[in-house]
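Subject: Handing over the structure

Hi,

Here is the structure I promised to pass on to you. Have a look at it first, and then read my notes below.

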There are 4 protein chains.
Amino acid sequence: MKVSIIGVTGYSGLELLRYLRQHPSVEVVSIHSHSMNKKSLEAVNPHLKHLISLPLEEINPEKIMNKSDLVFFATPSGISKELAEPFIQADFPVIDLSGDFRLKELGAYETWYGSSAAPLDLLQKFDYGLAEYRENPQAKWIANPGCYATAAELSLAPLLKEKKLDVDSIVIDGKSGVSGAGKGLSQTTHFSETHDNMTVYKMNSHQHIPEIVQQLKKWAPTLEVIQFSTSLIPVTRGIFLTTYAKLNEPISDEELVDLYCTHFENSPFVRIQAVGQYPVLKQVIGSNYCDIGLAYNPQTKMVTIVTVIDNLGKGAAGQAIQNLNIFAGFDERCGLELLPIYP
Amino acid sequence: MKVSIIGVTGYSGLELLRYLRQHPSVEVVSIHSHSMNKKSLEAVNPHLKHLISLPLEEINPEKIMNKSDLVFFATPSGISKELAEPFIQADFPVIDLSGDFRLKELGAYETWYGSSAAPLDLLQKFDYGLAEYRENPQAKWIANPGCYATAAELSLAPLLKEKKLDVDSIVIDGKSGVSGAGKGLSQTTHFSETHDNMTVYKMNSHQHIPEIVQQLKKWAPTLEVIQFSTSLIPVTRGIFLTTYAKLNEPISDEELVDLYCTHFENSPFVRIQAVGQYPVLKQVIGSNYCDIGLAYNPQTKMVTIVTVIDNLGKGAAGQAIQNLNIFAGFDERCGLELLPIYP
Amino acid sequence: MKVSIIGVTGYSGLELLRYLRQHPSVEVVSIHSHSMNKKSLEAVNPHLKHLISLPLEEINPEKIMNKSDLVFFATPSGISKELAEPFIQADFPVIDLSGDFRLKELGAYETWYGSSAAPLDLLQKFDYGLAEYRENPQAKWIANPGCYATAAELSLAPLLKEKKLDVDSIVIDGKSGVSGAGKGLSQTTHFSETHDNMTVYKMNSHQHIPEIVQQLKKWAPTLEVIQFSTSLIPVTRGIFLTTYAKLNEPISDEELVDLYCTHFENSPFVRIQAVGQYPVLKQVIGSNYCDIGLAYNPQTKMVTIVTVIDNLGKGAAGQAIQNLNIFAGFDERCGLELLPIYP
Amino acid sequence: MKVSIIGVTGYSGLELLRYLRQHPSVEVVSIHSHSMNKKSLEAVNPHLKHLISLPLEEINPEKIMNKSDLVFFATPSGISKELAEPFIQADFPVIDLSGDFRLKELGAYETWYGSSAAPLDLLQKFDYGLAEYRENPQAKWIANPGCYATAAELSLAPLLKEKKLDVDSIVIDGKSGVSGAGKGLSQTTHFSETHDNMTVYKMNSHQHIPEIVQQLKKWAPTLEVIQFSTSLIPVTRGIFLTTYAKLNEPISDEELVDLYCTHFENSPFVRIQAVGQYPVLKQVIGSNYCDIGLAYNPQTKMVTIVTVIDNLGKGAAGQAIQNLNIFAGFDERCGLELLPIYP
């Protein structure tokens, strides 16, 4: 299978390259960037020296479709909604890592992203690509989930599907590594301001909130809102989510862990920690794993769910390849069996 | 005023030295350590070279009381409950930075600290030293609050005292810098395991939980429990607390900020951020400030309170000196007017 | 004594504020910025909330000279050479923290800074402000040294003055914290690129090279060149210099340390480490100290000199205040006796 | 090919597992630890959950030789010299990642490692495994080089072999990430002491000095000593080496880069940077690459060589696998074609 990558110079695009190099059945045949199509990829990414001989090309849909079988958009928000149309018109498979095709409700994109959404007919063609819960695995057009959203949805799926939660009680405290902010320079990502620091951002306004609610409602239709906050921690990669919710009935830690183990027993990339153990962020870095630890507090009747992913792995490029595998009929794990890099 | 410091070689003890050097009315006359009373302080702390000429001395209560007017215990849990008695018998002022005299309820210390508590009569002599809410400002014996506890209590005081909270809905997500774990070596504080990482610890079992509940109950007697979790982030200093709670009535962000500004208008070390602004961790490092930002979410009816302190400042040595100032009748700010170190 | 600060919003300007707050004999009466003179200082520096009531003002030399007795320029290169002239014409004292008045040789500034130098008559009015070796302590106009230059010159002074070095053999390997690059955004200071990374920069072209050579030649006129390289390490503050040079004669470590101790016995801010001990970067952070460790290698006949300073302290604001103290006849240590912040 | 790993729980052992998982022709059949043979590997390394089903076994040479075709020792110094003998007696292949079989000169090990060396006949059986310069590629017993030594030797090989250097002028300033200190707890690796800090260690006494000299003498017999220092920087992985040496004749940067490119044209893991470009540490992390940048300074007649490797990759596990590939006749790159992880 031959693929092209648009937006290869961003962190998610580079991570697609890193994983796909290991993929036994996929070849990257062209790479594209809308911002720097004159320079070579090596010139700005010395870690790729001697490793990627492909030239950086302009984005020409015709040429891309002639060469390859599928295209990844690893572009910032607002790009793929402009550029994906010719591919869809031509019935050509697209996996979009940006937020442009995730929100299905009219007006939601505009409210949360601050610009007009993709046309509704295009929006509806995209299947939301939470790999463990794909509704339409044959879909040719996949909206790959956001990093926070992936972690939040996997954290809550079993309890919501089993109707064990008070759906009005969910609080999600999210922390992200700085690579989540991408390559763009800003005060918030300036080393002297970020190192040895922690910052809350987008208070009650992060664009993953409607995405998470949209997915959770599929499992718990009465759920309307979640309390969700996002902070920046001084690490390069990773999402660390601490989720709190009241249970309808008491449960033991053993039952809780069993519930999750059973629920995810066919999900090779979700690893439930043993009773009394909680994942550390680094245990998933460089990989596609989502690791989850669980505790029930009988005093407060609340469960605490600790979830970690690599924002560029399961939160972006890793899950995109998992979705490619599902689409192409490969084993879900193809190209994704790298061990996390530790320490 | 002359003071002695027991436990000067720990991080809180060193921080007492740093602040007291600026104090116009206090002189440190002796320093003590139970672990290394042969070496000089400079030998293990090269940053103090040429700066502290006092020798490290053994802990002899008689000699200490002869020399000085007050003693600080900056020792780990379990030490002051053994060593403080002769001072109290002699009616000599003590400020204890450890947890040994904070929990007043029978059995609480043993449950949460895992060893037997100080004798009840001693416990009751100590005033809980949350500087902004001292019950007995003339108290000679002060149990300086824990770092998390300080931040949590200041975060919630105005809303609880004004009876605006659903007291069963409180969730506190706490993050601490690694210096909170002290100088002792452990896997969790080993650089290669901690750097670029984040870890939850003491799930539902942190010893500051009963301390916080004990204080919050004074303001809201029906409050019985809180959901409180603690994580380690890869910074040296700092407590970053994100607190969530449901409000009984809607409120605007402006009203919320006003409520806090009014409440703390005579508290020079609590700085309420303007509407829409949230403190970053570094803005208090090296200082005694507690900075608080606030947001109300009308969708979830929850308030989010973002609170930062330096765990060694307002969370330990800074507040201890603030308590000394209150006890001695000095201006609360004496010796504490250092600017935060930024960046 | 009343002072004004131009360029107060940069890291060195902020550090001047931090130190001067402790200074018993100096008051900051006005603060100025050429880039953001509409906003208040607090608005962009929340760590200063409630602490600095002065407004940010435009740079009006007349008004500044009416209000104050001395002006600091804490501006980037290229500003003070444009703005300092009216002060000098009016015989008004200036301490310039930038590189604009350091290089006395014709053409040197243009070669190394890439723009035209200040007029020669102005250049010659400025005394080079290496505080331990001031040529003209009464000078009204002081060119405060660069951070690397300060560390390099203090490292080599005793051996050069005693003619113990092979002056052609000097190699200085310099490492700097990221705050040295200032507040300006760049790829090199973007957290995701800088954290967990190390980079060499300005290979053989750092503008402190001619400054160091200019000063070393005063002590060793035959010295013409030095090998000097600069790297960025992932810390916020600090200069860590490892200097190597061949000695003309063997020496013992004891003699070496003695030579330095004697040389600096009246320099309160230079602390020579004992034989076999070498300073760590953090032991000077937040302070004006320059700590030096020494070792002689009989096999290679080379001395290794390990030197640490805070780039914003002894490398900028701290030394500037030390120079102000010298100029004003205060004790050199006034306002600078803060302990390093550790850990 | 089947292999066993002794010392699998250390950082180098874990990294062998990570690389070998990708190796098309090698299977890890048993894993061993002398320190924790009761627990499973997963229990102490949650990043390996579900990924390594092998049990941790005791070290029984007979059993190991029955099961596998080659054994790696990824143990600390002092272990393999005790445990390797039965394998050698049985003519069984061994790749030793420790320093125990590197130093061939009588007395050198004892001088630099502080304990008695392996028996001389064993020592002489081991080929020094600098992969790009193997003397005896068929050797069954391979002493894998040290991390600093690998970087230093590759840095200097072309210039020494071409006799372009003044061999008495070499100064190597080495910096290492903290994982180089292994898993053992110490003050120097305690987060609060190491983060935001830099430290020089083993001044003139690092055990890689004699190893480097031994190898460099093969290329330049008159070389007797090098000036070499080692520092700890606050990153997890990586060696960053800045090497200085005087050239006998002037050279242009172009000639210098050409010389290295030609010299290493058949060395896929050594990547010479273009003129004016210098490698950053992160561009090799997670990989087996050694990246080198070069500059000649006509003023000082010195070359500066900037060299980066991953201490656990090319500096340990990566090169060990490269040596296995050479021994087994595989393509040198097998299992090592992972892209560096960036950012």
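Let me start where chain A meets chain D: two salt bridges turn up across that interface. One of them joins D:Arg21 to A:Glu337, and the closest N and O atoms of that pair are 3.5 Å apart. Keep in mind that this is a predicted model, so please read everything here as computed from it.

Staying with these two chains, ten residue pairs are in polar contact between chain A and chain D, with both partners at pLDDT 80 or more. On the chain A side, α1 (11–20) and β12 (270–272) each supply at least two of the residues that touch chain D. The largest share comes from α1(A), which gives four residues. Sorted by class, that side of chain A has 15 nonpolar, nine polar and nine charged residues.

As for size, the contact takes 33 residues from chain A and 34 residues from chain D. Together the two chains bury about 3,200 Å², and 60% of that is on carbon and sulfur atoms. Within chain A, the residues that lose the most area to chain D are A:His47, A:Leu339 and A:Pro343, which together make up 22% of what that side buries.

Now for chain B against chain A. Here 42 residues from chain B and 42 residues from chain A take part in the contact. The buried area is about 3,700 Å², with 59% of it on carbon and sulfur atoms. This interface has two salt bridges as well. A:Lys175 forms one with B:Asp173, where the closest N and O atoms are 3.3 Å apart. The count of residue pairs in polar contact between chain B and chain A is 30, both partners being at pLDDT 80 or more.

Which elements of chain B give two or more residues to the side that touches chain A? They are β8 (171–176), α9 (191–194), β9 (199–201), β10 (227–232), β11 (239–246), β13 (290–297) and β14 (302–309). By class, this side of chain B has 21 nonpolar, 14 polar and seven charged residues.

Next, a sheet to look at in chain D. Seven strands form an open sheet in the order β9-β10-β8-β11-β14-β13-β12, with mixed pairing. At its edges are β9 (199–201) and β12 (270–272) of chain D, each of which pairs on one side only. On average, neighbouring strands of the sheet are turned by 25 degrees against each other, direction ignored. Inside it, β11 (residues 239–246) and β14 (residues 302–309) of chain D run antiparallel and are joined by eight bridges. If you want a pair to find on screen, D:Leu241 stands opposite D:Thr307 in β14(D).

Finally, some backbone details. Most residues other than glycine have a negative phi, and most peptide bonds are trans. Against that background, these spots may be worth a look:

- In chain C, the peptide bond from C:Tyr342 to C:Pro343 is cis, with omega near 5 degrees. C:Pro343 sits in the segment after α12 (313–328) of chain C.
- In chain D, the bond from D:Tyr342 to D:Pro343 is cis, with omega near 0 degrees. D:Pro343 lies in the segment after α12 (313–328) of chain D.
- In chain A, A:Lys202 is not a glycine but has a positive phi, near 50 degrees. A:Lys202 belongs to the loop between β9 (199–201) and α10 (208–219) of chain A.

Cheers

Technical notes. Residues are numbered from 1 along each chain as its sequence is written. Chains are lettered from A and ligands numbered from 1 in the order in which they are written. This is a predicted model: local features need pLDDT of at least 70, side-chain atom pairs count only at pLDDT 80 or more; totals for chains, interfaces and linings use all residues. Side-chain values use heavy atoms; hydrogens and water are left out. Contact means heavy atoms within 4.5 Å. Buried area is the accessible area (1.4 Å probe) that two parts lose on being put together, summed over both. A salt bridge is a side-chain nitrogen of Lys or Arg within 4 Å of a carboxyl oxygen of Asp or Glu. A polar contact is a pair of N or O atoms within 3.5 Å; within protein, one must be able to donate a hydrogen and the other to accept it, and residues adjacent in sequence count only if both atoms are side-chain atoms. Ala, Val, Leu, Ile, Met, Phe, Trp, Tyr, Cys and Pro count as nonpolar, Asp, Glu, Lys and Arg as charged, and the others, Gly among them, as polar. Two strands pair if DSSP finds at least two bridges between them. Axes are lines fitted to C-alpha atoms, for helices over the stretch in contact, and angles run from 0 to 180 degrees between N-to-C directions.
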